[in-house]
Structures are given as structure tokens and as C-alpha cells.
Amino acid sequence: MKGFLTVLSVAILLFTSCSKQKADLILYNGKVYTINDTFDTVQAFAVRDGKIIATGKNAEIRKAYSSAEEIDAMGKTVYPGFIDAHAHFFAYGQSLQTADLRETKSWEEVCSRLAEFAMAHSDGWLIGSGWDQNDWPDKQFPDKTKLDQLFPDRPVLLTRIDGHAAIANQKALTEAGLTKSYDLIGGEIVSRNGALTGLLIDNATSLVENKIPSPSPQQKEKMLMDAQRNCFAAGLTTIDDCGLSADMVDLIEKMQATNQLKMRLYVMLSDSKPNYDYLFKRGAIKNERLNVRSFKIFADGALGSRGACLLRPYHDMPGKSGFLLSNPDHFEQTAIKLAEKDFQMCTHAIGDSANRTILKIYNKVLKGKNDRRWRIEHAQVISPEDVGRFGSANIIPSVQPTHATSDMYWAKDRLGPERIKSAYTLKQLLRQNGWIPLGTDFPVEQINPILTFYAATVRKDARNYPEDGFQKENALTGEEALRGMTIWAAKANFEEKEKGSIETGKFADFVVLDRDLLNTSPAQILSTQVLKTYINGEKVYEKK
């Protein structure tokens, strides 16, 4: 009898095992935010061939599926892989190879850091980025005097944190053939008493940038890989790279084909004839890792460098209103061309005048309600009478919550006490279409999506300033912020059916955090850690 029972038990186990469906991966014992339409949470899910095949309770999933690889989440929180709806992936990789000037507290500290960097990088141009004169006691733009003293024989170009201004030394100006200031559409070559100061605003920066030798293919590959490593560690699985060239798309394709580059990328090509010719001839590019169907256009500059185009002059510089970076006719003709070809138009617009210009053109070309998902990137300062233009043509405001908490110390000085009320209005913009994608604009800001969540919901800096939050009436709820970092960001890319939530049939892109963002005190949010990141069910990062 005993032998019979043993045989029966083995038979039952074999039958049970054989009746289970095979999976490549099972995650169980987690608090899984699916970010589906009803914002459900589940305990477990199964993955096969890189996609979610089932979600549910622990017992349900483990009874129905078997896998050689299982993850016991041990009660930790799981989210869909975070999507950054506006960033500069390749430029971030480049920045890792140059002098880091972020969080410097004076021009003297900038020069000191650069001198230290130069000791370890003894050849060629000296490149750096990240300085912000608004963080210094003397908030005036610096000039090239100190750079000329330190580096008389090496060209230097140091870009402001927003990428819309730079300081060049005399050697760099000479290399670029710049000897005097002259009128420039959408830019300014700053001079004082007839002499160049080295300060270049917006389109003027390219006059020097174009003289910097291009990185080799091997260097570009390293930049992309370095960027990928850090982004995976931050829980990012898809990034919108805003403004690349066609040759970079070719390199990305090559690296993805060899499985070297695993990051999913939504690429916007820069506004140039070679890029239009490339994509118009080839057509939209779409596979599981790469999506190229849009173009990035610049309407104006940035608020911090007073290049953002305003309807009325800057409050702290009454003689200046900023400028458009191209003639309005260029924006309209580009919109018509992209509408005819059925490509997405994504336009950088920060000032209220720039936003009005682009909103009017979009509405004229789109002709009312549509599903083209044309975007305005940043949408920082919107005149109250223009807000409705987003909803009237389903225009998507693609916003970066950390811009508000980075700019809040000086934005009121730039805009004045009334106009600041219509700046960084996340909640108001969300209401226009019922959804809003969120990003960071890294390397202008940090790559960490937890900072995006914090800035969107708490509207404070890491030091708990201001006490009541910055214009708290425009804070998002935790659910809205998470949707903005996942499913709504995917929707902005026409990818909501394949990613952005943990649902059957979608890519198994997910991240495990050490705490639940929706049930954590504001003071604890910023210390949240990414424990694991997965793409296609493959672990691409684990915290050591």
C-alpha cells in the first residue's frame, strides 16, 4: 500500500507539472502596480518570450505556470519600467566624457573644476557643461577673461546647464573665425565696448560648437553604453532622445542589432534638411527597441539665459523679450510638410510668445480634434488665454516637473509676480487632454525618475523648500505622476499598446523599488532605491 501511494504521489506531481504552462520568468510576492486603466495592483505575473503572459495572485500564477527562473519580490513594489518622455540620451553620454560643472557655486569654482579636468585631459578642446549663474552670489553672466588667462592655447567651450548659452575663450572664438558681434536670427554674440565677451546665446553657440571635432564611432559607442548603464540603474527602460542626426540613428540600429544596446529609444530627429531627406525617403522606423517617426524643432531658447520668447519684456531686464530661433514661416512650413508626410512634430517652446506662435500654427495645420499627438516640449510659460489651444487640437504638453523646482528660485524675477502664476502649470495642462507625459530633460536635469515623481507631487526641492510647495495648486497626484512616467509617456510615443503598463501582451519591462512611492512620506521619497531593472524579462541592472 505504501508503495502504491508513493507511485500515486509521483504521478500526481508529474501530472500537475505537465499541466502547467511554461514561462521564462515568474515574479511573485510583490506589490505590482500594473498602471492599467483601473490602476490595479497584483501580486505576481509570468513572462514568456519577453512579454507578460499573465498577471494575478501568487497562487494563481504559480499554479498555472512553471519557470526555471523565479523572482521572490519579498513584498517590494514593482512598477512598469520608467519612460523618460523628454531627454537627451546621447548628449548625456557625451557629458560623462566632459567637465561636470553642475552645482558650482561661483565662476571661480567653474574655472577650478575645469583646470583640474584639464590636468587629466591634456589634449584637444576643453568641453564642459552644467554651470548656472543663477546659483552664484553674483548672478551676472561671466566673461572669458579668466579662461583666456588659464588656457591661452587650448580652445574652451563651457555650456550653460540649459544648453542655450555658452562661454568660449579667445582661442575657441579664433578657431570659429569670430572677431566681432553681428546680428543673428535667434541668437546673440555678446560684446562689451566693442569687444567679444565670449558669451554666446542660443543660435550663436553653434558657431563655435561646429568647430569641435566630432567623436569617433568608437567614442560614440562608449557614450551610448555609459548612458545606458546609468539609465538602467535609475529604472529607465525607454527614453525619448530629443534631437539626433540620421547618422546617430544608423549607429543605434547597429548597436541594437548586436544586442549591445538594449535600451528602448524613441528618437526625434533634429530640424535639418539632411534629416528630413533621410526619414522621408526611408519612412518611419519601428521595431521593438527603436521608434523614429518624429522631428524636434526649437521655437525659442531658455528662461535662465533669457532666450525664451516672451509676449512682454523680462521683469528683471525690461529691454529684452527673448527671441524665436527661426522665422514663424519656417515653423508653419515645417508643420505643413510633416502633416503631409504623417510624421509627429515636437517643438521646444518655453516662453509664452513662443508657445502662442506654435499653438496657433499647430491648430491651423491640424484643423481641430485629431490623433496625430503633436507635442510641445516644455510648455513652461503659457498665457492663460492660450491654454485652451492645447485641447482644441489635442496638442500634447510634454513637461519636465523638475524644471519647476530648479527654476523656482529665480523664475519670479524673470517673469514677475503675475506671469509666474501661468508658468509650470502641470495640473492645468493635464486637464486639456486628460493625460500628460513626464520627462526630465537630462542632462539638463538629473536622470533620476524618482525626482520627477517628487517634483510633480510635492513641488519642493530636496531641502524641503518652499515649506508649502511651489505653486502647489499645480501638483499632480501620485497616480497621475506614475501614469505620466509610464503609460502616458508611452502614449506620447504611440506605444501605449506595447509598453507603459504591466498587462498581458506587453513587453516585460519593469523595475523593483525598495519602497512604495504612493505610500511613502514626502521626506522619504527621495531616498527610494532601484533594486532591479528588467527589459524584455531580462535583468539589466541589480543593486549591489
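In which sense do strand 2 and strand 8 pair, and over how many bridges? They pair in the parallel sense, over 3 bridges. Keep in mind that this is a predicted model.

- Most residues other than glycine have a negative phi, and most peptide bonds are trans. With that in mind, here are some residues to check out.
- Asparagine 29 isn't a glycine, yet its phi is positive, at about 60°. You'll find asparagine 29 in the loop between strand 2 (25-28) and strand 3 (31-33). Its relative accessibility is 31%, so asparagine 29 counts as partly exposed.
- Aspartate 202 isn't a glycine either, and its phi is positive too, at about 50°. This residue lies in strand 16, which covers residues 195-202.
- The peptide bond from phenylalanine 442 to proline 443 is cis, with omega near 10°. Look for proline 443 in the loop between helix 16 and helix 17 (449-457).
- Another cis peptide bond runs from tyrosine 465 to proline 466, this time with omega near -10°. Proline 466 is in the loop between helix 17 and helix 18 (478-485).

- How many disulfides does the structure hold? The count is 0.
- Take cysteine 231: the closest cysteine sulfur belongs to cysteine 242 and is 13 Å away, so the two are too far apart for a bond. Cysteine 231 is buried, with a relative accessible area of 0%.
- Now try cysteine 346: its closest cysteine sulfur is also in cysteine 242, at 7.1 Å, which is too far for a bond. At 0% relative accessibility, cysteine 346 counts as buried.

**Cavities**

- How do you find empty space inside a protein? Rolling a probe the size of a water molecule over the atoms shows where it is left.
- This structure holds 4 cavities of 30 Å³ or more. The largest cavity has about 80 Å³ of space in it.
- Which residues line the largest cavity? Among them are His378, Gln380, Val399, Pro401, His403, Tyr424 and Leu429.
- Helix 14 (401-407) and helix 16 (426-433) each supply at least two residues of that lining. The largest share, 3 residues, comes from helix 14.
- Sorted by class, the lining of the largest cavity has 7 nonpolar residues, 5 polar ones and no charged ones.

Methods:
Residues numbered from 1 in each chain as written. Predicted model: local features only at pLDDT ≥ 70, side-chain atom pairs only at ≥ 80, totals over all residues. Heavy atoms only, no water. 1 Å grid on protein atoms, 1.4 Å probe; cavity = no way out; pocket = protein on both sides within 12 Å on 5 of 7 lines; lining within 4 Å. Points joined across faces, edges and corners; volume = space filled by probe spheres on them. Helix = DSSP H or I, 4+ residues; strand = E, 2+ residues; numbered from the N terminus. Nonpolar A, V, L, I, M, F, W, Y, C, P; charged D, E, K, R; others polar. Buried < 20%, exposed > 50% of the residue type's maximum accessible area, 1.4 Å probe, protein only. Disulfide = S-S within 2.5 Å. Pairing = 2+ DSSP bridges.
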